[in-house]
Amino acid sequence: MKKITIIVILFMLIMGLFLYSNQVYAQTKAIDDTTESKIIEIKENATNSLEDYKEKYGSDAYGLVAYILNIIRIYSIPFCFLGIAIGAIHQYVIGIRKLDTLERGMALMVSFITILIICQILPLAFAVFVKFGRG
């Protein structure tokens, strides 16, 4: 039953991504001038942000790593909160009747909290290392 549920969820996820990507592709066909200028502005802001990191750290490699770590820091928050919620559901809802699911839920919550802490502290540790560690 679990395998069937996982397969159905994965199939729905893949179909959702496919349908969403088709919608995005269809919408890009009907781009007018204002939308195109907004897209160009967003791209320039991202490029300027990367250039700012490169200037701040004094190296292309360090700037790129800092930029990537910042993006990971931002996007790890919703991902980890979703994982913590799934772990809580496993522990407190499903785990009432099944002890193995209770343990799995606790393991999921601890894992995602650990990932969240690492993703939030890693950019700070990198910045401290680069600023003070390289001399």
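Hi everyone, let me begin with a term: a residue is buried when its relative accessible area is under 20%, exposed when that area is over 50%, and partly exposed in between, using a 1.4 Å probe and counting protein chains only. By that rule, 19% of the 135 residues in this chain count as buried.

Before we go on, please note that this is a predicted model, where local features need pLDDT of at least 70, side-chain atom pairs count only at pLDDT 80 or more, and totals for chains, interfaces and linings use all residues. Residues are numbered from 1 along each chain as its sequence is written, and side-chain values use heavy atoms, with hydrogens and water left out.

Now the overall layout. The chain has four helices and zero strands, and from the N terminus the order reads α-α-α-α. Helices here are DSSP runs of H or I with at least four residues, strands are runs of E with at least two, and the numbering starts at the N terminus. The accessible surface of the chain is about 10600 Å², and carbon and sulfur atoms hold 71% of it; such areas come from the Shrake-Rupley method with a 1.4 Å probe, and for residues only the protein chains shown count as cover.

Next, contacts, meaning heavy atoms within 4.5 Å. Among the contacts in the chain with a separation of 6 or more, 50% are between residues 24 or more positions apart.

Let's visit a residue in helix α3, which covers residues 60-93: Gln 91. Is Gln 91 buried or exposed? It is buried, because its relative accessibility is 13%. Leaving aside residues up to four places away in sequence, Gln 91 touches Ile 96, Thr 101, Leu 102, Gly 105, Met 106 and Met 109.

Over in helix α4 we find Ile 113, which is partly exposed at 39% relative accessibility. From Asp 100 to His 90 is 10 residues in sequence and 9.6 Å in space, C-alpha to C-alpha.

Now for the cysteines. A disulfide is a covalent bond between the sulfur atoms of two cysteines; the cut-off used here is a pair of cysteine sulfur atoms within 2.5 Å.

Last stop: the largest pocket, with about 320 Å³ of space. Which residues line it? The lining is made of Lys 2, Thr 5, Ile 6, Ile 9, Leu 10, His 90, Ile 94, Lys 98, Thr 101 and Arg 104. Helices α1 (2-29) and α4 (99-133) each supply at least two of the lining residues, and α1 gives the most, with five.

A pocket is an open set of points on a 1 Å grid over the protein atoms alone, where a 1.4 Å probe fits, with protein on both sides within 12 Å along at least five of seven lines; lining residues have an atom within 4 Å of a point. Points are joined across faces, edges and corners, and the volume is the space filled by probe spheres set on them.
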